[in-house]
Amino acid sequence: MTVTHRNFINGRFIENSNEDMVPVLNPATEQVISQIPDTSAALVGEAVAAAKSAQKAWERRPTIERAGFLRQISAKIRENAPALASTIVEEQGKIQGLAEVEVAFTADYLDYMAEWARRIEGEIITSDRPGENIFLFRQAIGVVGGILPWNFPFFLIARKLAPALVTGNTIVIKPSEETPNNAAMFAELLAQTDMPAGVVNMVFGKGATTGSALCDNEDVGMLSFTGSVETGSRIMAAAARNITKVNLELGGKAPAIVMADADIDLAVNAIKASRVINSGQVCNCAERVYVDRRVEDEFVAKLAAAMETTKYGDPSRQRDLDMGPLINRAGLEKVDGLVKRAIDAGAECITGGAVADLGSGAYFQPTVLRGCKQDAEIMQKEVFGPVLPVNSFDTLDEAIERANDSAYGLTSSIYTRDIGSAMRACNEIKFGETYINRENFEAMQGFHAGVRKSGIGGADGKHGLYEYTQTHVVYLQN
């Protein structure tokens, strides 16, 4: 019997009534595993109203008390880690080890943000007037709408919920309709804590229905979204109608620069790891490679050999895998089309280059394409699959110029033994993050943010926490 999930609003699960149902598929088997309601605008309004009603009392609590509720949630997550990881594997196609890391990292993230309870700071500003003090306070925004992606669905709950709650906001979360099962489990665990009703609400549904209703609600003070540029643009347009603050983490086209003096084996292993993780469906993955022409042959040969060792299959049946399927057939067709057009345009396929037929599931072969021109579609558009296009350069100036020639600006990397080259890259590559001699994967205490079409605002660390606050300046004349 197919599991049917219910919305979690104002501390209780709401029985489905007239909502249309949305099927949820296992991407490895393409079988229906659950269904969710396509929540109406009226019911989304109830969730926002519940969050608004609970917000004032929540903000009045000492921050250390709010942090205590985050720790309750993290404890529940650790107690139920195996079941949560299995759920992510089934609905998203993530390999078991990575799903386990995601669950553990989510619990750690909640605890990390709870530690900020005694560290949120304002400012005292010097006044021009005698006897006057100027204070800057950081206060809650109100109700936050959190709209989640499908690629790291469980962690993104915490990435939005934790900073929102510790700073005094309440939240309404809309999980992706592709991966709602883990969010339903999160709501069940939440119901087992002492969290006050209305502080956290979960509404399921499609972006066009449920997501739009959340974006259009004038009582939502901030919209935090992770996903595609196209959807982010629509959210930003909807937010403009109510002048709602937006925090957008969007797409990426991360360049990886390999210098002639690089440790080639290290670069190959790190770039491969940054590409096949989650089947290449990560916005900060290495998306295009620029290699010094003097080491191009060696690098490409080793990269192709490394990609050919990639093990893939159904992660619910095999544990020793490097990647699983893509999220759905539409994603598979997008990747296949990009690769075919690149080859037609003159790129040389060194390995892979085609859909992998495993009987069922959306699998694409790990692929290396050589001789890709800078203006080629494969070098400019986000692939979101296990494909690495390679372009060669003669000077670091060329590499930096091509790296910056992108509509995106999230992550980047460089592989070199020369500190001068590394620092030039830090100073001249216009991206939110740069990784030197390591894979692309951020830390929770950093600040994950992009430029250009990769987004507005950011997440993690002190700066990510303060995204969920607004300032209140007070002038006190003695």
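Modeller: Rings of Phe, Tyr and Trp (its six-membered ring) pair if their centres lie within 6.5 Å; planes under 30 degrees apart count as stacked, over 60 as edge-to-face and the rest as tilted. This is a predicted model, in which local features need pLDDT of at least 70 and side-chain atom pairs count only at pLDDT 80 or more, while totals for chains, interfaces and linings use all residues. Residues are numbered from 1 along each chain as its sequence is written, and side-chain values use heavy atoms, without hydrogens and water.

Colleague: How many aromatic pairs does the structure hold?

Modeller: The structure holds nine aromatic pairs. In one of them, the ring centres of Phe 105 and Phe 155 are 5.2 Å apart and the planes stand at 70°, so this pair is edge-to-face. The pair links distant parts of the chain, 50 residues apart: Phe 105 lies in helix H4 (residues 96-114) and Phe 155 in helix H5 (residues 153-166). Helices here are DSSP runs of H or I with at least four residues, strands are runs of E with at least two, and both are numbered from the N terminus.

Colleague: Is Phe 155 buried or exposed?

Modeller: Buried means under 20% relative accessible area, exposed over 50%, and partly exposed in between (1.4 Å probe, protein chains only). Phe 155 has 7% relative accessibility and therefore counts as buried. Phe 105, at 23%, counts as partly exposed. Phe 155 also forms an edge-to-face pair with Tyr 109, at 5.1 Å centre to centre and 85° between the planes. Phe 105, Tyr 109, Tyr 112 and Phe 155 form one aromatic cluster.

Colleague: Which residues of helix H13 are buried?

Modeller: In H13 (residues 396-404), the buried residues are Leu 396, Ala 399, Ile 400 and Ala 403. They cover an arc of only 95° around the axis, taken from the directions from the helix axis to the C-beta atoms, which puts them on the same side of H13. With contact meaning heavy atoms within 4.5 Å, these buried residues pack against several elements, among them strand S13 (254-258) and helix H14 (419-428).

Colleague: What is the order of the open sheet of three strands?

Modeller: Two strands pair if DSSP finds at least two bridges between them. The order is S6-S7-S25, with antiparallel pairing. Strand S6 (123-125) and strand S25 (469-477) stand at the edges with a single partner strand each, so one side of each is left without a neighbour in the sheet. Nine bridges join strand S7 (residues 132-140) to S25.
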